[in-house]
Amino acid sequence: MPRDVQAMVENGFAAIGYSSFNSGPVDASAALKQGKAVGAAIVIVQSRYTHTVTGSIPYTVQNPDQIVTTYSQGNIYGTGGYANFRGTSLSTVPGGSTTYQVPYSVDRSDYVATYWVKRKPPVLGVIGSDLPDAIRQKLQTNRGVLVIAVLKGSPAYNADVLKGDVLVGIDNDSTPDARSFLDIVAKYAGKSVTLKILRDGRKMDISLTLRTNP
C-alpha cells in the first residue's frame, strides 16, 4: 500500500473514487472542483513525469505587395517631324507568403486524483487482506487475515494490534480470509472479545471491546 494511502486509511479516511489521465501541465483546481462535487473531504493529486512531446507548427505570414516603378523615354518620328517623350508608370507585384516552422516541447505526466471522506468510527479498526503467497509459505497455511493497516484511535489501535499481524480468529470463530473476517467482526460488534494473532510466528491473544456497529 502506498505511504500516502496508508496514512489516509490509518487516520480514518476512506477513498470514494479516483480519476487518472496523461497530460501536459494541468491546474489542480479542476480536481478540487470535482472533489467538492462528489462530497470529498480531502483530494490528493499526484503526478509522475512520463515523456516529452516535441515537434513544430507551421506558421504562414502574408508578405507585403511590392510597388514597381517603370521609367520610359524615347523619340517619336513622323511625317510631321519628331518629338521626345518620357514617362513613369507604377505597377503592383503580389508579395506572396512565407511559412515558418515554430518548434514546441511539452512535458507530459501521469496524473492521479483520489477523493476521500471521513469514515464512521470503526467497530475494530483493522484493514485486512488475504494472506499473500510468501506468508502462506512461511506459516504453512492458507487461513488467516494479514493486517495491512490499523486505524488510529480504534479498539485495535488502542489494544496494540500491529500492521503485519496475522489474525486467525476472534473468540471461537476462525478468520480464514478477509471476506469472512468482516462478517465475524460485525457479529461481535459491541462485545468484549479475544483476538487470536500470529506475530513473528508466535501465537498471541489480545483482549479488547469492539465498538457498536455505527
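## Serine 23 and strand 1

S23 belongs to strand 1, which covers residues 13-23; helices (H or I, at least four residues) and strands (E, at least two) are DSSP runs, numbered from the N terminus. With a relative accessible area of 18%, S23 is buried, where buried means under 20% relative accessible area, exposed over 50%, and partly exposed in between (1.4 Å probe, protein chains only). Leaving aside residues up to four places away in sequence, S23 touches D107, R108, S109 and Y111, a contact being heavy atoms within 4.5 Å.

This is a predicted model, in which local features need pLDDT of at least 70 and side-chain atom pairs count only at pLDDT 80 or more, while totals for chains, interfaces and linings use all residues. Residues are numbered from 1 along each chain as its sequence is written, and side-chain values use heavy atoms, with hydrogens and water left out.

## The aromatic pair

The structure holds one aromatic pair. F21 and Y111 form this pair, which is stacked, with 5.5 Å centre to centre and 20 degrees between the planes; rings of Phe, Tyr and Trp (its six-membered ring) pair if their centres lie within 6.5 Å, and planes under 30 degrees apart count as stacked, over 60 as edge-to-face and the rest as tilted. Because F21 lies in strand 1 and Y111 in strand 5 (residues 97-118), the pair ties together parts that are 90 residues apart in sequence. The two partners can also be described by their accessibility: F21 counts as partly exposed at 42%, whereas Y111 is buried, at 12%.

Three strands form an open sheet in the order 1-5-2, and their pairing is antiparallel; two strands pair if DSSP finds at least two bridges between them. Strand 1 and strand 2 (42-62) are the edge strands, each pairing on one side only, and the twist averages 10 degrees from one strand to the next. Between strand 1 and strand 5 the antiparallel pairing extends over ten bridges, and Y18 stands opposite T114 in strand 5.

Helix 2 (residues 29-38) packs on the sheet, where it touches strand 1, strand 2 and strand 5, and its direction makes about 35 degrees with that of strand 5. Such angles run from 0 to 180 degrees between N-to-C directions, with axes taken as lines fitted to C-alpha atoms, for helices over the stretch in contact. Helix 1 (residues 3-10) lies across strand 1, strand 2 and strand 5, and runs at about 140 degrees to strand 2.

## Strand 8 and its partners

Strand 8 (residues 166-170) is mostly covered, since four of its five residues are buried. Strand 7 (residues 145-150) pairs with strand 8 in the antiparallel sense over two bridges, and L146 stands opposite V166 in strand 8. Strand 8 also pairs in the antiparallel sense with strand 10 (residues 192-199), over four bridges, with L167 opposite I197 in strand 10.

A further antiparallel pairing, over two bridges, joins strand 8 to strand 9 (residues 173-174), in which D173 is the bridge partner of I170. The hairpin of strand 8 and strand 9 has two residues between the strands, and D171 takes a positive phi near 50 degrees there.
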